[in-house]
Amino acid sequence: MQNLENCPGIKVGAYNVNNIRYAVDIVLIAENKDDLQKLLNIEEEESRKKGLELSSKKTEVMVINRKQEPPKCDIFINDAKLKQQDKFKYLATITTSDGRNNNEIAARIAQAKTNFQKMRAVLTNKHISIQTRKRVLQCYIEPILLYGCEAWTISKQIEEKLQATEMWFLRRMLRISWTEKKSNETVLIEANSRRSRPYENVKPLF
């Protein structure tokens with residue numbers, strides 16, 4: 001990996017970044033196909049010197065581009081063409097070729113709701129104060145929902161989905177049925193809460 005230090009990557013602030021790695025999970029990053037192939041060639045050559053071999057079946061390539069159809073990127077390991085993907089999961093975070101986080105956020109919402117249901121006996125228990133239950137929610141459910149939010153790109157539609165998830169939590173904690181037709185503002189007052197945007201600067205939900 002030290003041999004990659006002076007190779008071109010992408011600019012993040014004032015830093016050149018051409019790889020991210022965690023244990024054996026390594027991602028190589030470049031602005032164009034030629035630079036990416038060069039990074040991979042260095043990895044392959046240095047690995048071979050150590051008696052290791054890069055697997056073309058376990059190595060994939062993805063282009064992040066705002067176009068509806070991302071351009072093709074032909075990258076090879078020992079003449080074996082790598083499979084191009086439109087998304088991949090790295091350290092529990094889904095990255096897609098369009099550079100958006102819609103799939104990741106949808107998965108986070110689903111996981112948070114599933115874990116809420118697992119803790120339903122506590123979170124909907126009226127013998128426990130709502131303030132205590134909100135603290136439990138903040139400690140155990142919010143981190144699941146907001147994992148990786150520092151790097152999210154937020155659209156108006158996604159913001160509305162996150163706010164709807166917030167209200168989903170509160171309505172169930174207060175045991176408010178949809179048939180009661182209570183407005184979100186009324187629910188927030190009953191829960192002694194207010195609207196927030198926790199994905200900005202990683203602030204708490206409530």
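The following questions and answers walk through a predicted model.

Residues are numbered from 1 along each chain as its sequence is written, and side-chain values use heavy atoms, with hydrogens and water left out. Because this is a predicted model, local features need pLDDT of at least 70 and side-chain atom pairs count only at pLDDT 80 or more, while totals for chains, interfaces and linings use all residues.

Visitor: How far apart are the end C-alpha atoms of helix α2?
Guide: Helices here are DSSP runs of H or I with at least four residues, and strands are runs of E with at least two, numbered from the N terminus. Helix α2 covers residues 102–118, and at 1.5 Å a residue its 17 residues should span 24 Å, where the expected span is 1.5 Å times one less than the number of residues. The model agrees with this, since the end C-alpha atoms of α2 are 25 Å apart.

Visitor: Within what arc do the buried residues of α2 fall?
Guide: Buried means under 20% relative accessible area, exposed over 50%, and partly exposed in between, with a 1.4 Å probe and protein chains only. In α2 the buried residues are E104, I105, R108, I109, A112 and F116. Taking the directions from the helix axis to the C-beta atoms, these residues line one face of the helix, because they fall within an arc of 135°.

Visitor: How many bridges join strand β9 to β10?
Guide: Two strands pair if DSSP finds at least two bridges between them. Strand β9 (residues 87–90) and β10 run antiparallel, and K89 stands opposite I94 in β10. The number of bridges joining these strands is four.

Visitor: What is the relative accessibility of L91, and is this residue buried or partly exposed?
Guide: L91 lies in the loop between β9 and β10, and it has a positive phi of about 50° although it is not a glycine. Most residues other than glycine have a negative phi. L91 has a relative accessibility of 37%, and therefore counts as partly exposed.
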